[in-house]
Structure formats: C-alpha cells, structure tokens
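Here is a short report on one protein chain. Have the sequence and the model open side by side while reading.

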Amino acid sequence: MNSIPNCPICQSEHTYQDGSLYICPECAHEWDEQTTSTESGLQVKDSNGNLLADGDDIILIKDLKLKGSSTVLKKGAKAKSIRLVEGDHEIDCKVDGMKIMLKACFVKKA
C-alpha cells in the first residue's frame with residue numbers, strides 16, 4: 001500500500017489523494033507526486049520569509065519596470081499559480097496577461 005506523504009507546507013498528516021493530486025485539508029495546498037520529490041531541493045522565500053511553493057498566489061510589493069520595455073508592473077498586482085524555477089529569477093508567472101520571471105524579494109505570498 002502506498003503511503004500518503006505529509007503536506008510539504010504545514011506538515012499535516014491528514015492529507016488525502018484525489019486523482020493524481022495530494023490535498024491538504026488544513027492549508028488547502030495541492031501538489032502532485034512528482035513535485036513532492038523535487039520540492040525539498042528548491043527553497044524559495046518571499047520578502048516576508050514565507051516559504052513559496054508551486055501554485056501559490058503572490059502580490060508585488062513595489063512597482064517594477066520591465067527591462068527593455070516602457071511597461072511598469074504596479075505595486076499590488078497579483079499573480080496566480082506561480083511556478084518556481086532555478087536561477088537568478090526564481091518565480092515564473094503571469095502578471096496582467098504577460099508571462100514574466102520575478103525575483104522572490106519583490107513579492108509576498110497572497
């Protein structure tokens with residue numbers, strides 16, 4: 001019998017499997033089996049020190065000018081369902097319909 005892993009966010013034991021996803025009823029975090037093995041290696045924290053995970057929602061904490069463009073992303077803009085990646089810019093997401101990469105120090109967890 002396969003054992004169901006604890007929640008990677010809140011470490012709750014009360015997780016359950018729904019199709020190919022694991023779900024935590026305490027913090028509402030959802031993840032798949034593949035993410036469980038790779039999350040331990042990549043630790044990304046927002047500007048407040050909260051641990052970020054794939055699928056989280058974030059909010060910009062300051063205005064950011066996009067390099068090579070006259071576009072400015074405004075403070076308070078929200079990005080849903082982020083994806084964490086390795087490298088200088090740790091967050092891959094969509095803000096205002098544009099796919100961009102952000103540094104974690106400019107965002108907070110929503």
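Which residues does isoleucine 58 touch, not counting residues up to four places away in sequence? The list is Leu52, Ala77, Lys78, Ala79, Ile82, Ile91, Cys93, Leu102, Val107, Lys108 and Ala110. Keep in mind that this is a predicted model.

**The core**

Several of those names return in the core. The largest nonpolar core has 18 residues. Those with the most contacts inside it are Leu52, Ile58, Ile91, Cys93 and Leu102. Ile58 itself touches Leu52, Ile91, Cys93 and Leu102, among others. Strand S6 (58–60), strand S11 (91–95) and S12 each give two or more residues to this core. S11 gives the most, with three residues.

**The chain as a whole**

The chain holds one helix and 13 strands. Along the sequence the pattern reads β-β-β-α-β-β-β-β-β-β-β-β-β-β. The C-alpha trace spans about 55 × 25 × 25 Å along its principal axes. The chain has 110 residues, and 30% of them count as buried. Take the contacts with a separation of 6 or more: residues 24 or more positions apart account for 38% of them.

**The largest pocket**

Rolling a probe the size of a water molecule over the atoms shows where empty space is left. The largest pocket has a volume of about 270 Å³. Its lining consists of Leu64, Lys65, Leu66, Lys67, Leu73, His89, Ile100, Met101, Leu102, Lys103 and Phe106. Seven of the lining residues are nonpolar, one is polar and three are charged. Strand S7 (64–65) and strand S12 (98–102) each supply at least two residues of this lining. The largest share, three residues, comes from S12. Leu102 belongs to the pocket lining and is also one of the core residues with the most contacts.

**An aromatic pair**

How many aromatic pairs does a search of the whole structure find? The search finds one. Tyrosine 22 and tryptophan 31 form this pair, with 5.8 Å centre to centre and 35 degrees between the planes.

| Residue | Relative accessibility | Class |
|---|---|---|
| Glutamine 43 | 49% | partly exposed |
| Serine 81 | 53% | exposed |

Serine 81, at 53%, counts as exposed because the cut-off is over 50%.

**Positive phi**

Most residues other than glycine have a negative phi. Serine 81 has a positive phi, near 50 degrees. This serine sits in the loop between strand S9 (78–79) and strand S10 (83–84). Glutamine 11 also has a positive phi, about 65 degrees, although it is not a glycine. Look for glutamine 11 in the segment before strand S1 (16–18).

Definitions and conventions: Residues numbered from 1 in each chain as written. Predicted model: local features only at pLDDT ≥ 70, side-chain atom pairs only at ≥ 80, totals over all residues. Heavy atoms only, no water. 1 Å grid on protein atoms, 1.4 Å probe; cavity = no way out; pocket = protein on both sides within 12 Å on 5 of 7 lines; lining within 4 Å. Points joined across faces, edges and corners; volume = space filled by probe spheres on them. Helix = DSSP H or I, 4+ residues; strand = E, 2+ residues; numbered from the N terminus. Nonpolar A, V, L, I, M, F, W, Y, C, P; charged D, E, K, R; others polar. Core = buried A, V, L, I, M, F, W, Y, C linked by side-chain atoms within 4.5 Å. Buried < 20%, exposed > 50% of the residue type's maximum accessible area, 1.4 Å probe, protein only. Contact = heavy atoms within 4.5 Å. Phe/Tyr/Trp six-rings, centres within 6.5 Å; stacked < 30°, edge-to-face > 60°.
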